[in-house]
Amino acid sequence: MSKKFFPVFALILALIFTISCANTGTETEDATKMVFENLSYGNHERNVLDLALPKNVTGDIGLVLFIHGGAWIMGDKAEYSAFVRQYAEELQVATAAINYRYISESVHMDDILDDIDAALVKIKKTAAERGLNINKVLLTGASAGAHLSMLYAYRYKDTAPVKPAAVFSFCGPTNLYDDNFYVDGALGTVEEICALMSFACGENFTTGTKDAAKDALDTVSPLTYISADICPTAICHGEKDSIVPYSNALRILEAFEQHGVEYDFISFPNSDHDLSGDPDCTQQAFTLLRNYAQTYLK
């Protein structure tokens, strides 16, 4: 998210619950796949998803789940519409992209994790009605979507309705307590960042009271849940990232090493948060993503 969004920060929050999305659901198919759009998986208007199922597969099948970014207060599953269709056909896996409730004074990170859980239940049920058993999921996304992918996979590793098999993070936050987040910059002013993180963790704090909120921030930080039995994870991060500090990537890699976690890391030396400064790294990352799907969703 860029700085230009934050002068209207309060307006965005006021409009959160007025954003609508069709939830009646539509189904189309071609020779290779079935596509379900705007399937409702919960009571909130943001609880909708898109799903693609390959037609020439039976029995057990893996899922690639795309989770959009937008600092947890904006963004839409439409960012991944092309990937949902392409990967279902190309990789012969189920693919889906979800919307989730935006964080606010009344919606916190645990609520979004509940949304992901409910979406997986809906996806699994829809596939089962077509004779497919979704038994593994690779979670992926960029920025806030990458954060949610890691947080869900690590925290829900033993209880998820579909077993997390791998995570692929594009510039995702891993440590919301990191001091490098709390500076005036591309993400906004320090006050705006504290307000955003307060919504995320469910505990109000300012720069002066951040230490008192450490436990709450740790609870919604993927770094907290690193253990030897979490799923393999790929981290892609720009060394010049002005939104999510590069230190977030380095710290979680250190934790992976400490716990013997299987991981891959692609550093983008010339890229900011959008990872646009290193075309060779971008190609490497998408090749690796396909390899992750082919390897861990078998």
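Predicted model: local features only at pLDDT ≥ 70, side-chain atom pairs only at ≥ 80, totals over all residues.
Strand 2 covers residues 33–40 and runs antiparallel to strand 1, with four bridges joining the two.

## The whole sheet

Strands of a sheet pair through backbone hydrogen bonds, in either a parallel or an antiparallel way. Here, nine strands form an open sheet with mixed pairing, and their order is 1-2-3-5-4-6-7-8-9. At the edges are strand 1 (26–29) and strand 9 (263–268), each of which pairs on one side only. On average, and with direction ignored, neighbouring strands of this sheet are turned by 15 degrees against each other.

## Helices on the sheet

Helix 4 packs on the sheet, where it touches strand 4 (59–67), strand 6 (132–142), strand 7 (163–170) and strand 8 (233–238). The direction of helix 4 makes about 135 degrees with that of strand 6.

## Helix 3 meets helix 4

Helix 4 (residues 144–155) also packs with helix 3 (residues 109–128), at an angle of about 75 degrees and with their axes 10 Å apart. Helix 3 and helix 4 are therefore roughly perpendicular to each other.

Which residues meet in this contact of helix 3 with helix 4? From helix 3 come Met 109, Asp 110, Ile 112, Leu 113, Ile 116, Asp 117 and Leu 120, and from helix 4 come His 147, Leu 148, Leu 151, Tyr 152 and Arg 155. The residues of this contact divide into eight nonpolar, one polar and three charged.

Notes. Residues numbered from 1 in each chain as written. Heavy atoms only, no water. Axes fitted to C-alpha atoms, helices over the stretch in contact; angles between N-to-C directions. Parallel < 35°, antiparallel > 145°, perpendicular 65-115°, else oblique. Contact = heavy atoms within 4.5 Å. Nonpolar A, V, L, I, M, F, W, Y, C, P; charged D, E, K, R; others polar. Pairing = 2+ DSSP bridges.
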